[in-house]
Amino acid sequence: MLRRNVKPKVYKDPTTTDDDSDEPSGCPVSEEEPEEWLPEVKEKTKGRGRLKKDEAAEKKPAVKRAAKPKEPKPKAVRKPRAPRATKVKKAVDKKKEDEKNEGIVPQVESLHEVRVKEERQSFSMDQAFSISTATTGVLLGEEPSSSKPTSMVKKEEPEDDFTFDEPAQKKQKTITAPQGRPIKLKSGNSLGDELQMTWDLIKVLAEKSGVQEWVCSNIVNLLRDENTIPFIVRYRKELINHMDADAVRDVQLVLEELCSVAKKSQSITQTLKKEGVLTSELEKALQNCRSADDLDHVYAPYKKGSKLTKARRAKQLGLEAAALALLHSPQTLDLHSWIKPNTEGLSTLEEVSTGVEQILADMIAKDGETLTYVRSLCDRSNVTIQSTVSKTALKEQQQTDQKSKPKDISKFSLYSEFSCNIQRIQHHQTLAINRGENLKILSVKVNIPDWVKTDFCRWCVSVRWRPQGFARPELMKILNAAVEDSYKRLIMPLLCRGYRTKLTTSAEKESIAMFVRNLRQRLLMCPVRGRVILGVDPGYRHGCKLAILSPTSQILHTDVVYLHGSGRNREADKLRHLMLEYSCQTVVIGNGTACRETEAFFADLIKNGFFRPLDVSYCITSEAGASIYSVSPEAVKEMPDLDPNLRSAVSIGRRVQDPLAELVKIAPKHIGIGTYQHDVSQSLLKAALDGVVQECVSFVGVDINICSETLMRHVAGLNAGRARSIVEWREKNGPFLNREQLKLVKGLGPKSFQQCAGFVRINPESIRSYGSGGSADSTAAEKPAAKKSKAKTSSSISNQPNPLDQTCIHPESYGIAMRFLSQIGGSLDQLGSAELRQQVESSVRRSGLEALAQYLNTSPETLQLIVDGLTQPPGFDIRQDFEQADFKQGIVSMGDLHEGMVLTGRVENTALFGAFVDIGVGRSGLIPKRYITLEKLPVDKRRRSLALGPGERVEVRVMDVDLQRNRICLDLIRVLR
């Protein structure tokens, strides 16, 4: 008995150290043979087998317990059990399970709560879409753990058949599994097979991204099936281990990079094959490459247009055999026999020796083991990056008579004599050095210690490339020279390029991540609803442009006033008349030219009670991109009769009323977020920012009957063409009465409907605002259907409104939602009411989320989403928990600041070196990165690199005020909530 008790511990330790979260502490495990704990989690091929064993353990507990005392050896681990339970008894087992479940639900106890290990945390959509703790109590305390997750990714029916109301298909049984247990998504041909590389795509993807292999496999399959990231993150949580959108996007980028390397490798292989220089060794070397740098290193000697390398010239002279002989049988090598007096390159002994040396140097530089060893030496050494002012810049500065403007070297004074270890250099320093080098102001190099070369040469000669036999001194001299030449001419430049590429890639990635966080927080700022707003675009000579907007963002009045001239009193009376006429109490001022003077003008009028009886307040907002938008085709189409300057005032006002709807009209890079936007890869930056816009628009949701075409095109599953078709259908047939009518839109197929349906809202108020009855819509809806294919006839599509269309619940889960409502005794009429919320809470508290999900034949993640959709109040907006614009009635100046003064402010922008905070003095102060420490941050923000983003309110202390340079240094005290 003692021996049996020891054995399971030996099997358990190696498997649980890497992935402790895969087994819950309170999970009942059948006392079966210890091989159940063998490292099956690591191998993707054994994941399903393990799940099937768990099922078998539940269904036949008596058999397994009886088998235990019989044999201590792992005989009972026979693999045939898994196949036995697959096909023959699948239907019977499912039937038994359903019969059990019917009697269990009323009295089932809550299952053990299991916490999910979060992969990353930036903007958690789980938190945004869950009901607040104050209203749900126990409901949010239950973290759903997967019982019967349902994979609906490939549920799409042939052609245009939409069947989302039926119960979910492709159930994967993980009854005893906690959240994050591998759930394999069935797929057809493997992408790894198509790439034709020697490495395994999923393993390399997991290694590069730091994500588990089973998650990587599911993400690859989901993306291949044309699923969008917002859809995956919200409706396929169980398949991606509850990763957020940023984490999934990172995996997608690594996947695209690997696929690009594989395609480039195949292209190079075909090119070399046509040229007749492809060998089996070269083909294998190309297929082993995992990065673009590796490919360039292998392919460089064979590129068209490049000079024939020294090694290839020597090989063409036939000296490769002599080089191999020096390594394998040096005692038989006679270099004199290779001399050919009339042949260039072979005419003297010195030329022959040089040719052999060059071939050996090339062999050493392309040997994998040699490169691995020299990289290991560098990892243990102090490799530094150094920048100095370039000779070109110094020369241009000295030539004062030159007509062209000399380069401003002072901007890079910090990097004129800069040196830093590559492990400790900051991301913003890397980007600044790269920019200086591109401008030819800085000269940059990587320094590798000399002892690395010494150790490397010794190892090559005495270990890796040691001749197999006695080599005469003249031959050893050739070998030593080859090793030194290889290191200096080939290996060291390769290492330096690798370090520069790695630093630049890492810096670009972090800079883009900063852009992404800033943009997300800017887009998700809480809208200011129900107010008439005066938008002001300040100016001096051309006046301040005004736009008065209704609570629904309609333009009520536009005008121009000159507040900074001699007739300011007359203009003040004009302002008061307009604000009283339209009952406007909120002023939004753009932060551009003359902002400070305009703010002072309004603050003085408010202080003197000039606008009484109105209680007027104002705020400052960023006008970045407003001028670009004002002359864009979208603005011309939306406001054709307005002057571009007045369009800017309209845009400034709308940015406070609904930031998301207004800012999506502007290219993300023009919104004024982040830094170094011109120093990073523009394609990666555009893809990341476009993805964030799509994510924000989708998770907030759009009212399909009133949203603009510009906003609609950013919904997941839609594009410019489909958005245009939806608007045309809406103009021709009236408002959409339910989500199902989207199927009648031209160009919107089953996949597009699946991706966008959950993010589209049908609000009854917007339907009523059209003033058209249901009968008119039903007849109009049949007209376009007649021109469409048979699958798109309107006969199968209801024209009745569905209350669930107001929620975040996907149409594929409507059937489950209705069964859940009938089980708790609720109805759709109670949607969002306190009564229904109490019924849902009591049901979840009594039975547990897992058990309810198991009974309803769905996953806990889907059920949690249904619970959120049913209990959220009508018109729920995830942005209501985010920060809103700060409104004030007075100002302070920069001269009022002094060291040690404590103020509150709002983060305006963040960079890789710190955060800029608006403290209301007309100039943003900087919190350097060194002052943003973990103990000053909330717990939920300690995982991010800088942790702060635009819109967050902070309490700061003034550290230094430099009036001459207009700079304010701040220290972070805490983040305000």
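Tutor: Let's start with Glu 226, which counts as exposed at 59% relative accessibility. Exposed here means over 50% relative accessible area, buried means under 20%, and partly exposed is anything in between, using a 1.4 Å probe and protein chains only. Before going on, keep in mind that this is a predicted model, where local features need pLDDT of at least 70, side-chain atom pairs count only at pLDDT 80 or more, and totals for chains, interfaces and linings use all residues. Residues are numbered from 1 along each chain as its sequence is written, and side-chain values use heavy atoms, with hydrogens and water left out.

Back to Glu 226: its phi is positive, about 65 degrees, even though this residue is not a glycine. Most residues other than glycine have a negative phi, and most peptide bonds are trans. Glu 226 sits in the loop between helix H11 (213-224) and helix H12 (229-235). Those labels come from DSSP runs, numbered from the N terminus: helices are H or I with at least four residues, strands are E with at least two.

Lys 440 is another residue other than glycine with a positive phi, near 60 degrees. You'll find Lys 440 in the loop between helix H21 (427-438) and strand S3 (442-447), and it is exposed, at 53% relative accessible area.

For the peptide bonds, look at Arg 612 and Pro 613, which are joined by a cis bond with omega about 10 degrees. Pro 613 belongs to the loop between helix H25 (595-607) and strand S8 (617-621).

Now for strand S11 (residues 902-911), where 7 of the 10 residues are buried. Two strands count as paired if DSSP finds at least two bridges between them. S11 runs antiparallel to strand S14 (residues 953-962), with 5 bridges joining them, and Leu 903 faces Val 956 of S14. S11 also pairs in the antiparallel sense with strand S12 (residues 914-918), over 5 bridges; there, Asn 909 has Phe 916 as its bridge partner. S11 and S12 make a hairpin, with 2 residues between them.

One last stop is Gln 270, in helix H13 (residues 245-275). Gln 270 is partly exposed, at 46% relative accessible area. Its C-alpha atom is 9.9 Å from that of Glu 283, 13 residues apart along the chain.
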